[in-house]
Amino acid sequence: MKWFSKLFKGGSSRGRGGRHLQQPTEENLVWRNPSRSLDDRSRAQKDKEDLDRAIALSLAEDLKRPNARQGYRCHGNFDEDYAGEFQDNQNSSAHPPYTRATCGEIRTCGGCKREIAHGNCLKCNNTFFHPGCFRCHSCRYPITEHEFSLSGKHPYHKSCFKELTHPKCEVCYRFIPINAAGLIEYRCHPFWSQKYCPAHEYDDTARCCSCERLESLNTKYYSLEDGRSLCLECMESAIMDTGDCQPLYHAIRDYYEGMNMKIDQQIPMLLVERQALNEAIVGDTNGYHHMPETRGLCLSEELTVTSVHRRPGIGGHRLMGMRTQPQKLSRKCEVTAILVLYGLPRLLTGAILAHELMHGWLRLKGYRNLNPEVEEGICQVLSYMWLESEVMPGLKSMPSTSGASSSSSSYYSSSSKKGTKSEVENKLGQFFMNQIANDSSPAYGGGFRAANEAVNKYGLRSTLEHIRWTGNFPL
């Protein structure tokens with residue numbers, strides 16, 4: 001019996017994607033697959049083999065006593081008896097280990113539902129199969145490997161199960177790797193639900209400067225001359241120069257007037273590159289600026305600013321040939337100019353303009369020395385309200401300005417026509433609203449939530465009057 005007990009030595013293993021079987025580690029099992037067809041044998045030979053098999057099964061039953069064998073271990077829903085009945089066909093068959101239907105046994109195949117006659121069969125979850133009928137629930141091809149996965153009662157190839165359950169990176173399209181702790185670790189954008197490998201946050205993968213989505217292998221982002229990247233969807237409605245932005249700017253001024261907040265002064269508005277905006281921020285002594293990157297500025301100082309005079313041309317996936325010109329800004333009132341970063345989609349550009357115009361309105365109306373939470377918070381409320389009027393115009397009585405930049409939109413996409421917005425643009429608007437509502441910074445995020453609560457409770461006009469006299473939001 002000692003020689004027989006060695007045949008069942010070997011460990012067990014469990015795969016991450018499901019359950020699987022482990023092959024013996026020392027020697028092959030006693031029963032081997034026939035090297036030729038069963039039907040070629042004589043009846044006497046078959047009877048002799050049946051007798052040998054019965055003896056081997058009897059010996060195996062002795063080994064089932066406690067501490068007698070370790071054998072094949074099965075995980076999950078596999079029968080433990082299956083371990084003792086597995087054949088080792090490593091050398092002579094493409095199929096996984098099997099048992100053999102003996103004389104007098106009547107078994108029905110769980111696959112084809114036909115009777116399993118004298119010969120080889122597989123057993124899983126108390127169900128028997130012809131070797132060719134034990135198939136993957138996903139690809140429907142027979143499972144011929146020694147290791148496979150189970151989900152409920154369904155078997156899978158390990159590769160098929162991994163394909164179904166292991167998350168793939170939406171940037172490189174590879175399986176997201178397992179970290180040192182044996183866990184699948186990935187990043188997921190809170191709005192777009194884009195899943196990606198953590199490494200893409202630190203490698204050279206481009207990120208859209210507008211919507212924050214990462215560039216995937218099957219897409220190519222546009223590269224702006226100041227180093228930013230722009231995805232195809234944001235590019236559809238991007239505003240590229242100061243002239244293209246003028247209709248949108250005047251439409252938002254009309255939006256303010258529709259709320260009885262008319263801005264009487266003619267405040268210049270310029271689209272600028274990132275470097276010019278950063279230089280203007282350094283020269284401006286007023287205002288609180290949202291880092292790491294500011295997209296707009298309500299300027300109060302006299303400066304010379306380089307603005308984007310003519311949109312860049314498109315060469316492949318690069319925007320080149322942009323014309324700029326320096327412009328000296330003189331101070332005629334409390335606000336010198338409004339500067340906005342060029343190359344952003346229409347709704348984001350409009351949200352920035354609505355925010356900066358509120359800064360201008362507060363200064364022109366004599367609001368002084370407001371703390372950042374109050375001033376940035378109420379400006380974010382106006383930005384959010386304008387976006388809401390554009391994305392969900394039925395919820396607000398304020399006029400929509402969706403037709404304000406048709407000249408810019410039509411240059412890049414025929415789908416952006418006057419008075420209409422595509423589903424893509426509406427989704428972008430919802431994203432920008434979500435960014436405002438969930439901003440984590442104390443001034444922009446916390447300030448917005450406090451201001452929005454006050455406006456919803458007391459109204460915009462009463463909230464502004466309370467800020468004028470107290471410097472804080474009404475409670």
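Which residues in H6 meet which residues in H9? In this predicted model, Leu248, Ile252, Tyr255 and Tyr256 are the residues that H6 brings to the contact, and their partners in H9 are Leu382, Met385, Trp386 and Ser389. The residues of this contact divide into seven nonpolar, one polar and no charged. Helix H6 covers residues 242–258 and helix H9 covers residues 372–391, and their axes come within 12 Å and cross at roughly 105°. Angles of 65 to 115 degrees count as roughly perpendicular, and H6 and H9 are therefore roughly perpendicular to each other.

**The protein as a whole**

The protein contains 13 helices and 20 strands. Of its 475 residues, 47% count as buried, and the accessible surface comes to about 23400 Å², of which carbon and sulfur atoms hold 48%.

Helix H12, residues 442–458, and helix H13, residues 460–470, have axes that come within 7 Å and cross at roughly 120°. H12 and H13 are therefore oblique to each other, since the range for roughly perpendicular ends at 115 degrees. On the H12 side the contact is made by Ala454, Val455 and Tyr458, which meet Leu460, Ser462 and Thr463 in H13. Here the residues divide into four nonpolar, two polar and no charged.

**Glu373 in H9**

Glu373 has its place in helix H9, and with a relative accessibility of 33% this residue counts as partly exposed. Apart from neighbours within four places in sequence, Glu373 is in contact with Pro442, Ala443, Gly447 and Phe473. The C-alpha atoms of Glu373 and Ala451 are 8.8 Å apart in space, although 78 residues separate the two in sequence.

**Asp226 in a loop**

Is Asp226 buried or exposed? Asp226 is found in the loop between strand E10 (222–223) and strand E11 (229–230), and its relative accessible area is 16%, so Asp226 counts as buried, the cut-off being under 20%. A polar atom of the Asp226 side chain lies 3.2 Å from the backbone nitrogen of Arg274. When neighbours within four places in sequence are left aside, the contacts of Asp226 are with Glu273, Arg274, Leu341 and Tyr342.

Most residues other than glycine have a negative phi. Tyr173 is found in the loop between helix H4 (158–165) and strand E8 (187–188), whereas Glu212 is found in the loop between strand E9 (195–196) and E10. Tyr173 counts as partly exposed at 38% relative accessibility, and Glu212 counts as partly exposed at 27%.

The table lists accessibility for the individual residues discussed above.

| Residue | Relative accessibility | Class |
|---|---|---|
| Asp226 | 16% | buried |
| Glu373 | 33% | partly exposed |
| Tyr173 | 38% | partly exposed |
| Glu212 | 27% | partly exposed |

Terms used
Residues are numbered from 1 along each chain as its sequence is written. This is a predicted model: local features need pLDDT of at least 70, side-chain atom pairs count only at pLDDT 80 or more; totals for chains, interfaces and linings use all residues. Side-chain values use heavy atoms; hydrogens and water are left out. Helices (H or I, at least four residues) and strands (E, at least two) are DSSP runs, numbered from the N terminus. Buried means under 20% relative accessible area, exposed over 50%, partly exposed in between (1.4 Å probe, protein chains only). Accessible areas come from the Shrake-Rupley method with a 1.4 Å probe; for residues, only the protein chains shown count as cover. Axes are lines fitted to C-alpha atoms, for helices over the stretch in contact, and angles run from 0 to 180 degrees between N-to-C directions. Angles under 35 degrees count as roughly parallel, over 145 as roughly antiparallel, 65 to 115 as roughly perpendicular and the rest as oblique. Contact means heavy atoms within 4.5 Å. Ala, Val, Leu, Ile, Met, Phe, Trp, Tyr, Cys and Pro count as nonpolar, Asp, Glu, Lys and Arg as charged, and the others, Gly among them, as polar. A polar contact is a pair of N or O atoms within 3.5 Å; within protein, one must be able to donate a hydrogen and the other to accept it, and residues adjacent in sequence count only if both atoms are side-chain atoms.
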